[in-house]
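Please examine the sequence and the structure shown below before reading on. This briefing is arranged by topic for a reader who is new to structural description.

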Amino acid sequence: MSWGLEDVRVSYGRRVALHAVTVPVDPGRVTVVVGGDGAGKSTCLKAMVGLLQPEAGTVRRPAKEHIGYVPSTAGLYADLTVQENLDFSAVAYRLPAGRRGPREAEILERTGLAQARDRLGGQLSGGMQRKLAVGLALLHSPELLVLDEPTTGVDPVSRMELWRLISGAAALGTAVAVATTYVNEAARAASVVLLEAGRVLASGSPEAILRSVPGAVGTARGGGTARPTPLSWRRGPDWRVWAPAGDLPAGATKTDPDFEDAVVVAELAGERGR
Amino acid sequence: MDVLAEARQVTMRFGAFTAVDAADLAITGGEVVGLLGANGAGKTTLIRLLLGLLEPSDGIVRLFGSAPSAATRRRVGYVPQTLGLYVDLTVAENWSFTTAAFGYAGTVLPETIAAWRGELVGALPLGAQRQVAFAVALSHRPELLVLDEPTSGVGPLGAARLWEQIRQAADGGAGVLVTTHNMEEAQECDRLVVMADGRVVARGTTAEIIGGRTVAEVRCDDAGRAFALLDAEGFPAQLEGRNGVRVAGPAAAIADLLASKGLTAAVDVAGANLEEAFVAIVTDPA
């Protein structure tokens with residue numbers, strides 16, 4: 001059974017936040033919803049877990065007690081210790097008394113927070129807070145785990161530890177949906193949904209998105225030069241140029257696009273379509 | 001090109017705590033330097049030292065060839081992660097206020113932000129706010145630009161547009177120092193300086209930082225099981241795509257381990273990416 005959104009439409013007043021958005025979330029896999037601020041990522045995830053009701057479309061999700069959700073802010077109690085956060089969540093999720101101790105110990109071990117069990121949630125570093133929040137959402141071994149930007153602003157060491165936790169959940173069969181602004185996190189996912197201004201610009205496996213880049217991508221020398229074409233962007237000291245019909249301008253050499261190029265091309269195509 | 005800002009063997013102690021430990025850093029006109037490090041590595045303290053906002057316990061700091069002062073600081077543009085804009089003022093009002101403060105009143109609003117002239121900054125999307133903060137920081141034509149996580153929260157195309165402006169400033173001769181946790185952003189820089197525990201532990205281009213570091217790439221039908229086996233053995237592993245696991249560890253030992261558990265898998269050696277190299281460097285600086 002696959003979870004997620006199908007043709008979901010959500011509006012805030014007169015502003016349409018999601019237009020017919022489809023996000024399939026399969027068990028045992030990580031689906032990444034990638035896009036910038038205001039793209040609609042949080043709205044997608046809130047609709048997925050049932051925090052808001054779409055106007056149209058279908059949402060498939062397990063019963064509430066089988067969902068783990070971490071919002072983009074907090075996801076833990078700052079005034080409770082790490083241990084108290086675990087105890088509180090274990091009760092809230094109605095974990096059987098006999099399961100609580102061992103499961104809490106397991107989560108402390110997996111999040112690397114055993115040494116910090118007596119510290120207040122609010123006193124942990126940003127990375128530790130995110131790990132605790134994800135750990136709390138995993139406490140009841142959910143069927144669907146939904147994480148809203150768990151790695152934003154987190155340093156690379158904590159980010160790698162968070163992805164180890166996320167991978168571990170998927171490896172046990174959990175369906176995982178993660179929102180992020182980082183393209184390299186999308187590049188590693190099993191499935192990607194690229195969202196901008198509430199619309200899906202591309203979706204599928206990273207390989208499929210890469211294969212579907214239309215036309216040609218080229219590289220032109222930077223260094224004081226103006227944008228070679230309107231469909232160009234900077235990559236390090238060079239320019240990348242996208243020619244939708246395959247006709248690269250003089251001075252640009254054809255380049256095999258990488259996933260980051262593919263995402264920018266999809267965004268440029270979306271911009272042209274608006 | 002001239003060295004614009006330089007820290008030579010700079011140390012900063014706060015009581016018994018050494019925040020920056022004999023660090024060297026130099027930024028030359030026309031280049032984009034990325035300053036990387038985990039939280040608490042000393043990046044912010046080093047920047048404050050470079051700008052003369054802190055007096056070093058030891059070592060020498062030079063900003064445009066002399067000790068940092070109010071006069072040299074005027075030649076620096078700084079964009080903090082929080083942007084430093086007035087959210088209750090319009091874009092045009094933010095522009096007038098800042099240009100007047102720097103003694104450039106009457107400077108024309110640049111075309112990159114002109115479309116939002118009458119909008120309140122707080123009502124703009126984050127990508128647009130970042131464009132405004134950049135334009136404002138560049139308004140007095142700074143020779144050194146210091147940017148903290150310049151594209152945080154912005155989508156890939158928005159980030160590319162911001163980098164266009166950063167590159168334009170560097171192409172025009174400015175030196176740029178970028179601090180970031182985002183390894184994609186780091187790869188946009190010409191060279192990188194990596195800090196851990198107050199010390200500079202690596203420096204060079206992305207390729208030089210990665211060096212010969214490799215990871216093992218496991219392909220198999222049951223990637224979940226491969227991940228679980230490797231994870232249980234303490235290997236730092238991550239799922240990759242639908243049938244892959246990426247592991248920091250020796251490919252041969254990983255292949256043997258998976259085979260001993262009866263798992264059929266192809267294990268290849270792959271070049272590490274910058275994030276993997278960074279984690280390896282800062283978790284084991286020796």
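Predicted model: local features only at pLDDT ≥ 70, side-chain atom pairs only at ≥ 80, totals over all residues.

Residues are numbered from 1 along each chain as its sequence is written, while chains are lettered from A and ligands numbered from 1 in the order in which they are written.

**Contact between the chains**

- In this model, 44 residues of chain A are in contact with 40 residues of chain B; two residues are in contact if their C-beta atoms, placed from the backbone, lie within 7 Å.
- On the side of chain A that touches chain B, two or more residues come from each of α4 (126-138), α5 (156-171), α6 (183-187), β11 (232-235) and α8 (259-273) of chain A. Helices (H or I, at least four residues) and strands (E, at least two) are DSSP runs, numbered from the N terminus.
- The largest share of that side of chain A, nine residues, is supplied by α5(A).
- By class, the side of chain A that touches chain B holds 18 nonpolar, 17 polar and nine charged residues. Here Ala, Val, Leu, Ile, Met, Phe, Trp, Tyr, Cys and Pro count as nonpolar, Asp, Glu, Lys and Arg as charged, and the others, Gly among them, as polar.

**A helix pair across the chains**

- Two packed helices are described by the angle between their axes and the distance between the axes.
- Helix α5(A) packs with helix α9 (residues 223-232) of chain B at an angle of about 130°, and their axes are 8 Å apart. Axes are lines fitted to C-alpha atoms, for helices over the stretch in contact, and angles run from 0 to 180 degrees between N-to-C directions.
- That angle makes α5(A) oblique to α9(B); angles under 35 degrees count as roughly parallel, over 145 as roughly antiparallel, 65 to 115 as roughly perpendicular and the rest as oblique.
- The crossing of α5(A) past α9(B) is left-handed, a term used if the near helix is turned anticlockwise from the far one by less than a right angle, whereas clockwise is right-handed.
- From α5(A), the residues R164(A), S167(A), G168(A), A170(A) and A171(A) meet G224(B), F227(B), A228(B) and D231(B) of α9(B).
- The contact of α5(A) with α9(B) has four nonpolar, three polar and two charged residues.

**Chain B and its domains**

- Chain B contains 11 helices and 13 strands.
- The C-alpha trace of chain B spans about 75 × 45 × 35 Å along its principal axes.
- Of the 286 residues of chain B, 45% count as buried. A residue is buried if 20 or more other C-beta atoms lie within 10 Å of its own, exposed if 12 or fewer, and partly exposed in between, with C-beta atoms placed from the backbone.
- Chain B is divided into domain 1 (3-209) and domain 2 (211-283); domain bounds come from an automatic or database domain assignment.
- The C-alpha centres of these two domains of chain B lie 36 Å apart.
- In chain B, 12 residues of domain 1 are in contact with seven residues of domain 2.
- The largest share of the side of domain 1 of chain B that touches domain 2 of chain B, three residues, comes from α8(B).

**Domains of chain A**

- Chain A is divided into domain 1 (3-204) and domain 2 (208-273), and the C-alpha centres of the two lie 33 Å apart.
- Nine residues of domain 1 of chain A are in contact with eight residues of domain 2 of chain A.
- On the side of domain 1 of chain A that touches domain 2 of chain A, β9(A) gives the largest share, four residues.

**Local features of chain A**

- A20(A), in strand β2 (residues 15-25) of chain A, has a positive phi of about 40° although it is not a glycine.
- A20(A) is partly exposed, with 15 other C-beta atoms within 10 Å.
- S141(A) is not a glycine either, and its phi is positive, near 45°; S141(A) lies in the loop between α4 and β6 (144-148) of chain A.
- With 17 C-beta neighbours inside 10 Å, S141(A) counts as partly exposed.
- In helix α1 (residues 41-49) of chain A, the buried residues are K41(A), T43(A), C44(A), L45(A), A47(A) and M48(A).
- After α1(A) comes G50(A), with a positive phi near 90°.
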